[in-house]
Amino acid sequence: MDCHRKTFLLKFLCVAFLLNYSNVGFVDAATNIGLNYGLLGDNLPPPSEVINLYKSLSVTNIRIFDTTTDVLNAFRGNRNIGVMVGVKNQDLEALSVSEEAVNTWFVTNIEPYLADVNITFIAVGNEVIPGEIGSYVLPVMKSLTNIVKSRSLPILISTTVAMTNLGQSYPPSAGDFMPQAREQLTPVLKFLSQTNTPILVNIYPYFAYAADPINIQLDYAIFNTNKVVVQDGPLGYTNMFDVIFDAFVWAMEKEGVKDLPMVVTETGWPSAGNGNLTTPDIASIYNTNFVKHVESGKGTPKRPKSGISGFLFATFNENQKPAGTEQNFGLYNPTDMKPIYKMF
């Protein structure tokens with residue numbers, strides 16, 4: 001691991017802390033920040049090299065999107081790294097039929113790794129609520145919860161949702177779920193309240209900014225101002241991320257779900273693909289400031305006493321995703337594993 005690469009992510013993940021460039025104390029400082037590890041590329045490094053990258057940088061939380069054998073095998077023996085795995089969207093319908101079907105999936109995809117891989121979460125589907133297969137999520141979640149409880153395993157069962165569930169999001173106190181989300185998501189949220197498990201959310205200020213760059217201030221979108229831009233009753237907002245986060249909180253409360261934790265499973269900013277809205281400098285500022293925001297422990301205006309946990313998207317640029325911005329959310333080039341841009 002060259003010094004430049006190591007310094008890059010240490011600064012990136014611990015920018016709010018005065019740390020030296022050794023790994024001492026890094027785990028304590030960075031426990032609220034993780035990285036997404038996607039596989040939609042034909043030029044990605046071998047999983048063993050990727051795990052070595054995470055280890056050298058003392059990254060302690062990783063999210064993968066399924067239960068790929070090669071990747072999970074690479075995590076064997078590295079129990080200091082918590083791994084969130086996923087149930088594939090295309091598997092949900094078949095698994096929703098019975099707990100027996102889910103148990104077969106668990107025995108095949110999870111059980112072989114329990115001894116030496118630190119699986120912390122199983123995310124049941126990715127952004128399928130609201131939608132055609134959204135109704136399959138809750139039955140699978142319930143079956144998996146029963147299975148892990150019966151085995152006394154410390155694995156949390158949840159699902160990942162996008163902000164498309166919000167029919168209204170501005171101002172945050174007007175946050176409300178769209179009708180189909182209310183039908184499919186609210187029962188999931190109430191179940192998670194019963195199990196005291198976070199809902200997993202993907203929040204991307206980039207997409208809102210890119211849709212209206214004339215009327216939305218860039219500094220507001222990338223955590224780069226201390227000026228209150230949105231005043232919502234007694235709550236003042238200086239950044240768009242908090243507005244979106246709190247709109248979701250308000251929407252949950254309107255469904256009778258209060259104090260449910262939220263983990264941000266994806267956020268980030270592309271470094272290319274949409275002209276001057278997606279430069280390496282802007283991506284660097286957004287990601288750095290997100291980390292500062294998380295590590296400050298200040299939470300959001302509506303939840304000022306609750307710190308945020310989050311996963312940055314993503315480790316690598318992935319060239320098998322749709323052309324444009326989707327291929328350019330990575331922090332690292334896959335071919336040489338060097339940073340795509342410097343962090344401040």
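The legends below describe several close-up views of a predicted model.

**View 1. Confidence along the chain of the predicted model.** The chain has a mean pLDDT of 91, and 90% of its residues reach 70 or more. In the stretch of residues 1-8 the pLDDT is below 50, and this stretch has 23 contacts in the model beyond near neighbours in sequence. Residues 10-30 also have a pLDDT below 50, with 50 contacts in the model beyond near neighbours in sequence. Where pLDDT is low, the predicted coordinates should not be read in detail.

**View 2. The largest pocket and its lining.** This pocket holds about 510 Å³ of space, and 23 residues line the pocket, with Leu-40, Phe-65, Asn-126, Glu-266 and Lys-321 lying nearest its centre. By residue type, the lining of the largest pocket comprises eleven nonpolar, five polar and seven charged residues.

**View 3. The second largest pocket.** The volume of the second largest pocket is about 260 Å³, and its lining is made up of 15 residues, of which Pro-261, Met-262, Arg-303, Ser-306 and Gly-307 are the closest to its centre. Two or more residues of this lining come from each of the elements α11 (240-254) and β11 (262-267). The lining of the second largest pocket contains seven nonpolar, three polar and five charged residues.

**View 4. Strand β8 and the strands paired with it.** From strand β8 (residues 199-202), Ile-199 and Val-201 point one way while Leu-200 and Asn-202 point the other way, and all are buried. Strand β5 (residues 156-162) pairs with β8 in the parallel sense over three bridges, and Val-161 has Val-201 in β8 as its bridge partner. The pairing of β8 with β11 is likewise in the parallel sense, over four bridges, and here Leu-200 stands opposite Val-263 in β11.

**View 5. Two cis peptide bonds.** Tyr-170 and Pro-171 are joined by a cis peptide bond with an omega of about -10°, and Pro-171 is placed in the loop between β6 (166-168) and β7 (176-177). A cis peptide bond also joins Phe-313 and Ala-314, with an omega of about 5°, where Ala-314 belongs to the segment after β12 (309-312).

**View 6. Positive phi at Glu-127 and Asn-196.** Although Glu-127 is not a glycine, its phi is positive, at about 60°; Glu-127 is found in the loop between β4 (118-126) and α7 (137-150), and is partly exposed, with a relative accessible area of 37%. Asn-196, which is not a glycine either, has a positive phi of about 55° and is found in the loop between α8 (179-195) and β8. Asn-196 counts as exposed because its relative accessibility is 59%, over the 50% cut-off.

Conventions: Residues numbered from 1 in each chain as written. Predicted model: local features only at pLDDT ≥ 70, side-chain atom pairs only at ≥ 80, totals over all residues. Heavy atoms only, no water. 1 Å grid on protein atoms, 1.4 Å probe; cavity = no way out; pocket = protein on both sides within 12 Å on 5 of 7 lines; lining within 4 Å. Points joined across faces, edges and corners; volume = space filled by probe spheres on them. Nonpolar A, V, L, I, M, F, W, Y, C, P; charged D, E, K, R; others polar. Buried < 20%, exposed > 50% of the residue type's maximum accessible area, 1.4 Å probe, protein only. Pairing = 2+ DSSP bridges. pLDDT = per-residue confidence, 0-100. Contact = heavy atoms within 4.5 Å.
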